[in-house]
Amino acid sequence: MGIVAGLDSSSAFTRIVVCDTETGAVLRQGYAPHPQPAGEPDGANPHETDPQAWLLSLGEAAGGGLLEGVQAIGVSAQQHGLLPLDAQGGLVRSALVGNDKRGQVAAADLIDGLGGRQAWSEAVGSVPHAAQPLAKLAWLARTEPEAARRVAVLMSPHDWLVWQLLGRPARRTTDRGGASGTGYWSPATGSWRPDLVELALGHRALLPEVLGPAEAAGTTPEGLLISAGTGETMAAALGLGLGPGDAVVSLGASGSVMAVHHEALSEPGGLITSLADAAGMHLPVVNTSNAVRALRGTAELLGTDLEGLSELALKSTPGAHGLVLLPYLEGERTPNLPHTAGTLSGLRRDSMKPEHLARAAFEGMLCGLVDALDVLRTRGVEIRRVFLLGAAAELPAVQAAAPGLFGTQVVVPAPADYAVLGAARQAAWALGVAQGTLAPHTPPVWPEPAAQVFEPGEEFPAWQAVRQQYIATREQIHPGAFQPGAGAFQPGAGAF
């Protein structure tokens, strides 16, 4: 059928892959970092940027004839970005990007302005937080009122890049995935909430047309089809080939759990962020404040690194000789305990050994993520296998414990930029639909990525005992943390 390209514009670089439409095989690749502003060698404000830098790195990454013969391009880009434009399509100010904490107060005011967390969860499937475009709007209205008054059009990074590739047409578009991360689009109804834009900004603004998963945003004068594009999370899910029954656990300093589901979910306490995916389904997400940071802290305490900590942990046995770590080192989002601290329980003379503390760190981190998985399971999300992402997923101690604690098959994909592969797959889908060779409800079937696969195995009962001990300790230290008013269920104990 031909060749297509995927483009991923992250916070730091542009990456491009050119793929065969039939097999997904990568034929060519390009990469370029975003240029830094002159005179700022350490980088500019991490929360603001001139989006022209994205175009410059795009041009560099595509150099040398990389896109020769390409018939369609899909665009993935960093999420949580906001480009406030005036009525002529010019930027009112620099693009707001990144995990910007300047909007914390504005987000709290927005929560109160609509009547609390449950009201927001019902309205758009998420509760305002500082990084959201919605909170960025409220921050802008509060701190830069003159600029805010000039805002007439709102776009996300991938919307803006698609618009630029098409020559800045009158029609502006986005996709369900990107829209669902703004805080002013409802995954449940599939519609914008302009009233929430007005609540944050002080007035309404024009919002892009939301395209279906296989729709094209347009065609360039040269005949190059541009697909709808999407956010990096949704593109990565498409690149991994996720479907119903699949969940992804991301191991960063903090953690996140998301799963493919057939409908949008809301949760009264706001533990679930309801996102749409890039394939017509939904991606409910639950975040934790602590994941690998608990491992790094323990490793520093024991005078080693993550690899050394893993080796130590494997010298212990499931249950860490009675030690239980509640890894709430930075407070916690799941359960909602923002002001708490971590707890190490079960100290006895014979358990006070480095290998047992190392084992407790891995078990505590993973049990915290199982709590997040249980938020989804208790809301009816089926999870048959878990994709484990992040450098820590390669640690033997993680791979030994995760299947038994998660209670399911664990897949550790080979390291790759799955967002850019997902963007290419979306381009192939839109191209196939335009040519009449693919259905608009079924993306092209590309081979699953190379991966290691781990099963719960014979030690499954022992790992479930570890999980129950963790739950008991959590309930003893933080009774009712997942009860109504704090969450909406009791992980490990079923819905109430």
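Which residue in S24 is the bridge partner of Val 412? In this predicted model, local features need pLDDT of at least 70 and side-chain atom pairs count only at pLDDT 80 or more, while totals for chains, interfaces and linings use all residues. Residues are numbered from 1 along each chain as its sequence is written, and side-chain values use heavy atoms, with hydrogens and water left out.

**View 1. Val 412 meets its partner in S24.** The bridge partner is Gln 452. Strand S23 (residues 409-413) and S24 run antiparallel, joined by four bridges. Strands here are DSSP E runs of at least two residues and helices are H or I runs of at least four, numbered from the N terminus; two strands pair if DSSP finds at least two bridges between them.

View 2. Look for Glu 394 in the loop between strand S22 (383-389) and helix H13 (396-406). Glu 394 is partly exposed, with a relative accessible area of 37% (buried is under 20%, exposed over 50%, partly exposed in between; 1.4 Å probe, protein chains only). Leaving aside residues up to four places away in sequence, Glu 394 touches Gln 399, Val 412, Pro 413, Pro 415 and Gln 452 (contact means heavy atoms within 4.5 Å).

**View 3. The open sheet.** Seven strands line up as S18-S19-S17-S16-S22-S23-S24, with mixed pairing. Strand S18 (272-276) and strand S24 (451-454) sit at the edges, each pairing on one side only.
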